[in-house]
Amino acid sequence: MGKKWNFEIWAGIEALILQVITFAWFYFCGIGRILAWHNSMRDFAMGLVILILGQVIVKKHLLSQLWAPAGGIYLLMISIYPYVIGTSMHGWHADFDLVNPYYLSALSVGIVLTLLAAAGQKNKKVRPAATGIIALSVIFFSVSAISYLVYFFIYHNMFPAEDMIPVIMTSWQETVGFMTTHFDTAKLAGLGLVALLIIVGGLFMGWFSTGKEKKVSPVMPSMIWSGKTRTIFIVLILIMAGLTIRRWVPRCYPLYELKLARRYQASIIKAEKSHEENYKKLQITDKQGKPLQGTVILIIGESECRDRMTAFNPALTDDSTPWLSRMAKSNQAILYKKAYSNFPATALALEQVLTSENQYHDQSFSDAVSILDVANKAGYQTWWLGNHNRMANGTAAYGLVAEEAKHKLWTNPAPQDDKALLDLLKKVPKEGNNFVIIHMYGSHTRYMDRYPAGYPEVHNSTKDSVVQYDTSVKYTDDIMSRIFDYAEKNLNLKALIYTSDHGEDMVNGHGEGGFTFAMVHTPVFFYFSPEYRKDYPQLVSNVEKHKDEFFTNDLMFDSLSSILRAGNNYQNAQYDITDSSYSLPEDKALTVHGKHKVMEDPALKK
């Protein structure tokens with residue numbers, strides 16, 4: 001061909017080598033259909049053209065400093081995301097479509113940053129702005145890729161959109177608590193160092209790529225790429241890259257997961273709008289026709305796993321639940337030792353705990369009614385006492401449910417020591433018919449912050465974090481005993497029901513991404529006063545009869561409706577443990593919103 005085209009030839013060779021290495025890496029990671037034209041080969045060819053034209057237009061090969069930011073982003077995105085996706089899915093359905101957004105985004109962002117760096121090299125006035133944009137881009141894509149990889153190393157899975165919901169609803173105090181619980185000082189220092197390196201690296205990449213290159217290639221592109229032809233190709237590439245960025249970058253982590261989480265929040269807002277109509281449809285069908293004269297309390301725990309509660313697991317010799325253990329031994333508390341949470345995260349779990357929505361029918365949250373709706377229509381004075389940040393304005397389903405209470409009280413500031421809930425409980429009138437929901441902070445990370453300094457520790461493990469968790473469980477038991485004592489003496493307590501939102505894994509915490517069944521091993525128990533037992537012996541007998549059967553806490557609505565003597569047209573007797581017809585066989589019980597069967601739990605095979 002002659003020396004005239006030497007630059008283009010070498011540009012093609014470099015682009016081809018990079019593409020072959022990239023797709024070989026995809027194959028090594030277990031990504032499927034990488035040889036199908038309509039899936040991957042078409043994009044292979046498009047990437048090849050972009051890389052060749054990019055080099056020709058900027059008159060620099062891929063290994064020049066001009067391409068440094070593009071190369072850094074490309075290396076991170078192409079090495080990390082396919083590896084995590086392929087490894088997480090173990091080769092099953094790890095389709096090219098899953099890595100395609102990262103591949104095309106890396107190419108399109110890279111070419112735009114390279115053109116921007118070229119503009120910075122050519123014009124000193126443009127250089128500061130170009131440096132800033134390049135630095136921010138490098139920092140954003142680096143943090144995204146590295147955090148995705150860190151999540152994978154912790155949970156051995158891809159980051160699911162469901163785990164973005166608690167992220168966007170978490171306060172900075174909770175974030176600090178999570179970090180200090182799951183990362184020791186050395187790891188936190190390491191994360192800080194990595195963050196500093198990313199920032200410095202981004203700034204360096206921006207300044208370095210826009211600076212004058214010391215070495216100038218002796219071989220330059222053909223003159224055909226000069227003048228108007230070059231301008232036309234620059235415009236075409238920018239248009240194509242811009243359209244690609246617009247389509248594919250929003251489908252990459254974390255923007256895609258954030259989009260789905262926001263969509264969830266939008267569905268909650270929609271549900272709020274439909275709530276009035278649902279409430280009109282709600283009919284109380286119970287023959288009693290009036291509320292109980294006294295108080296019924298539902299306590300919602302936080303991150304409490306029955307595996308770490310002595311009442312549920314007698315193998316734990318240092319009693320982590322002395323009050324509940326006594327209540328169980330005296331047959332006052334009815335323990336459900338095969339209870340499971342419907343989801344391993346607070347927002348999605350409580351969405352079903354508190355409403356008629358569950359895993360076993362197709363009713364959506366927007367079509368459901370809450371247990372507070374039922375209590376309100378039945379004539380109760382309803383109370384929400386919370387030690388979490390107030391989740392109003394559609395940020396969480398349970399926040400909307402809380403707003404339906406006639407009386408809403410939150411600790412201030414929230415969260416704080418759960419004993420503050422006792423002060424709120426004392427504001428409930430001693431006379432009348434009350435339905436009270438108490439939302440504890442329980443065993444939320446950091447575990448050591450959930451109980452007072454000097455509180456007696458529980459030693460059923462040699463691991464500090466487990467000791468701290470078990471001690472938080474004991475403190476929760478202590479608070480519940482105080483709630484029970486006060487309510488029994490002052491509020492004419494008729495019934496007390498407890499469920500945690502979800503469980504906790506002692507290594508991975510909770511969340512769908514690193515799911516283990518410990519995350520849904522939820523404690524559930526029921527207490528009925530002597531008077532209640534006398535008035536409704538068959539109901540209590542049914543609850544006791546079903547205590548060794550499987551139960552998922554998304555069925556709490558059906559059971560609570562009957563306990564409140566507020567049977568209704570949203571209730572299903574099959575899912576009501578107070579009914580003799582209750583039935584949830586092992587092969588039908590579900591968790592993680594139907595993604596897993598309870599029978600898969602390894603603990604059941606022991």
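Contact here means that heavy atoms lie within 4.5 Å of each other, and on that basis 17 residues of domain 1 are in contact with 20 residues of domain 2. The structure is a predicted model, and its protein chain is divided into domain 1, covering 5–211 + 226–260, and domain 2, covering 294–604.

**Domain arrangement**
- The centres of domain 1 and domain 2, taken over C-alpha atoms, are separated by 44 Å.
- Between them, domain 1 and domain 2 bury about 1500 Å², and 56% of this area is on carbon and sulfur atoms.

**Annotated transmembrane spans**
- The unreviewed UniProt entry lists, under "transmembrane region", residues 7–28, 70–90, 102–120, 132–154, 188–210 and 231–249.
- Residues 7–28 are 100% helix and 0% strand in the model, with the end C-alpha atoms of the span lying 31 Å apart.
- Residues 132–154 are likewise 100% helix and 0% strand, and the end C-alpha atoms of this span lie 33 Å apart.

- Three cavities of 30 Å³ or more are held within the structure, and the largest cavity has a volume of about 70 Å³.
- The lining of the largest cavity is made up of M46, I50, L104, L107, S108, I111, I237, M240, A241 and T244, and the elements that give two or more residues to this lining are α2 (37–58), α4 (96–122) and α9 (227–248).
- By residue class, the lining of the largest cavity divides into eight nonpolar residues, two polar residues and no charged ones.

Methods
Residues numbered from 1 in each chain as written. Predicted model: local features only at pLDDT ≥ 70, side-chain atom pairs only at ≥ 80, totals over all residues. Heavy atoms only, no water. 1 Å grid on protein atoms, 1.4 Å probe; cavity = no way out; pocket = protein on both sides within 12 Å on 5 of 7 lines; lining within 4 Å. Points joined across faces, edges and corners; volume = space filled by probe spheres on them. Helix = DSSP H or I, 4+ residues; strand = E, 2+ residues; numbered from the N terminus. Nonpolar A, V, L, I, M, F, W, Y, C, P; charged D, E, K, R; others polar. UniProt positions renumbered as here; feature names shortened; annotations may be inferred. Domains from an automatic or database assignment. Buried area = accessible area lost by both parts, 1.4 Å probe.
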